[in-house]
Amino acid sequence: MKNLGIIIGRIAPAAKTREIALGVAVLAAAVACWAALESALGPAQPLAAWMPSGAQLYIESPNFAGLLHDWNTSQEKDLWQKSDNYEVFSRSRLFGRLGDAQGEFAGAAGQQPDMAFLNQVAGKESALALYDIGKLEFLYITHMPNAQALKTGLMQARNDFETRKVGDAVFYVRTTGGGDGNTAQGGSDQDKQGRTVAFAASGDYLLLATREDLLAGALTLMQKQNAQALDKDGWFAEITQSSQKPGDLRMVLDLSRLVPSPYFRSYWVQQNITDMGQYRAAISDLYRTHNEFHEERVLLPKSPESASAEQGNLEQLKALVPEDAGVYRAETAPSVEHVVETIDARLLSRKISGYIDRAAAPPEVAASAQPGAEDDFETRIDAPQATVQPLGAELAGLRSLLEADQPDTMLVVEKSVSQPDGVFVGYRSAIVLALQKPWSAGDVEAAIDEALGRHLTAGALGIGWKQMGDKQNSFVLDGVSPLAFAIDGQFCIISDDVQMLTAMMQEAAATNATTLADGDDSLVMLGGFNHEAERENFARATRLMDGATGNANADAADGQGQTPQFFSRDLASLSNAFARLRSEEVSAWWKNGALHQTVRYEWKTGSM
């Protein structure tokens, strides 16, 4: 037994030594293999370095085939393609132009650029550069094994195309219609309905372009010959350096060239052309997880003065947002006129929006008769004319109050409420104004009294205030209007929903326990939208509105080729297609002379 212990004592260290030696050998072999592989493949190359200079828009993905697969197999795609929103889009001018371009491409390529074609040419690391958004001139590069690239329909039909050569690289090209396939200098190929298709397989990359010179330029750059690449363009280098690492999808825009384009101004869906005109470049990266998408955006302003926007602590205002809020927006340094218009539109007068039905002819405007003329039967000539106050004069007191102490920040909160009858939908709003000093309840009350007088009463009936229970500096109107307001230190809260105001007061009391300097003071905007909470009420309310305007069958298929109602069918169907989207939040701040934005899309758990 003693001898056995001695033997084990001698064997154990030897065994341990052999394990260490084996581990070192395996590690060394792995390092050697990796070094050999890295030497064979070369360093990772950003695809923008192979794109010729001059692109207006650039999109890239580290796994385009994976993104395409996720979209094609998603519930959202299936629902959207069956929706009224897609039907409206399919009738749009943009859809028609894209269809024309698709047909021209098919004529030159000899095959339809449909989803089957896209699946064929979708590799892993991929990038698309648009050089003219009007003519849809692009260059596409994707990382794909050469054997797989040779099996694509384009490469299989390469003998039907003309052969070109750049250095050691061969590519194939065909041009239909007029032109020679090169419009870099403003040629008129597209005006002659010509379309060029050029493609090549170089190493483990597949290239496709609608201009011969773009493909030749890419092959030149891939062979490390002297040429100007997109990543060396000043605007591109500056905007990419100001962003984080690329996401699952990246988009880079040269706004200084895109915004003036009539195509951008016509088809940019947000239509905030004036706002976008303040910036010269932008980048957006999309990152995905199983239950959240989030975008990181950076915009470079044209003027350095734009980056000097006043900042404030919006996080404390966000803490006041009730859990059941449908939408909210907090902003810094709002102008007095903006605050007055917001309070008036949401709480005081609730003015009808300036919507214009472009399908209806404008009504005839009758010429107004001159007082005392023979065709004027309405104006009394035996009594003095009543003095008519100019529109908006009732807001003078509110405007003066805000001019004396301009708010540092403003929060607007809104939500929809289903009425007890289950038919109608109401909307509730609250506005929070924050100062660096306490508000005066008397001054706020007087300003609201003056503003409400014209809308509610000819005297003072219905605009008397009573205290809300035992809450000091909290008041509600004693008439039919549900308006109430509360003062809590630096916060003034005005709302047409007492329950919402009470909940926000409780949060304000906790927030006032700290100072405005105790939070993130770099933000200039915060916003959020609760899609899950608002979706059904939006659909119900807009169905009622469309029914009231004469469309009693807003939910039924028209079958007459008529355009679906915009709110109750077009937008509602888009909302239904993305029903698994729970909420969206956005924040914005300035950093190093650039505007940064983060947008988060939360999906229902396990849905993505």
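Modeller: Helices (H or I, at least four residues) and strands (E, at least two) are themselves DSSP runs, numbered from the N terminus. This is a predicted model, where local features need pLDDT of at least 70, side-chain atom pairs count only at pLDDT 80 or more, and totals for chains, interfaces and linings use all residues. Residues are numbered from 1 along each chain as its sequence is written, and side-chain values use heavy atoms, with hydrogens and water left out.

Biologist: Then which residue in β18 is the bridge partner of Ala-330?

Modeller: That's Leu-526. Leu-526 also stands opposite Ser-587 in β19.

Biologist: What makes β18 and strand β11 (residues 327-332) a pair?

Modeller: They share 5 bridges, in the antiparallel sense, and the rule asks for at least two.

Biologist: Why is strand β18 (residues 523-529) called largely enclosed?

Modeller: Because 6 of its 7 residues are buried. Buried means under 20% relative accessible area, exposed over 50%, and partly exposed in between (1.4 Å probe, protein chains only).

Biologist: How do you know that Arg-569 and Asp-84 form a salt bridge?

Modeller: Their closest N and O atoms are 3.1 Å apart. A salt bridge is a side-chain nitrogen of Lys or Arg within 4 Å of a carboxyl oxygen of Asp or Glu, so the pair qualifies. Arg-569 sits in helix α20 (residues 566-577) and Asp-84 in helix α4 (residues 84-90), so this contact ties together parts 485 residues apart in sequence.

Biologist: Are those two buried or exposed?

Modeller: Arg-569 has 9% relative accessibility, so it counts as buried. Asp-84, at 17%, counts as buried as well.

Biologist: And what makes Asp-213 partly exposed?

Modeller: Its relative accessibility is 25%, which falls in between the two cut-offs. Its salt-bridge partner Arg-211, with N and O atoms 2.8 Å apart, is buried at 7%.

Biologist: Why is the contact between Asp-405 and Lys-437 called a salt bridge?

Modeller: N to O is 3.0 Å, so the distance meets the rule. Both residues lie in loops, Asp-405 between α16 (396-404) and β12 (409-418), Lys-437 between β13 (425-434) and α17 (441-456), so the pair ties together parts 32 residues apart in sequence.

Biologist: How many salt bridges does the structure hold?

Modeller: It holds 26.
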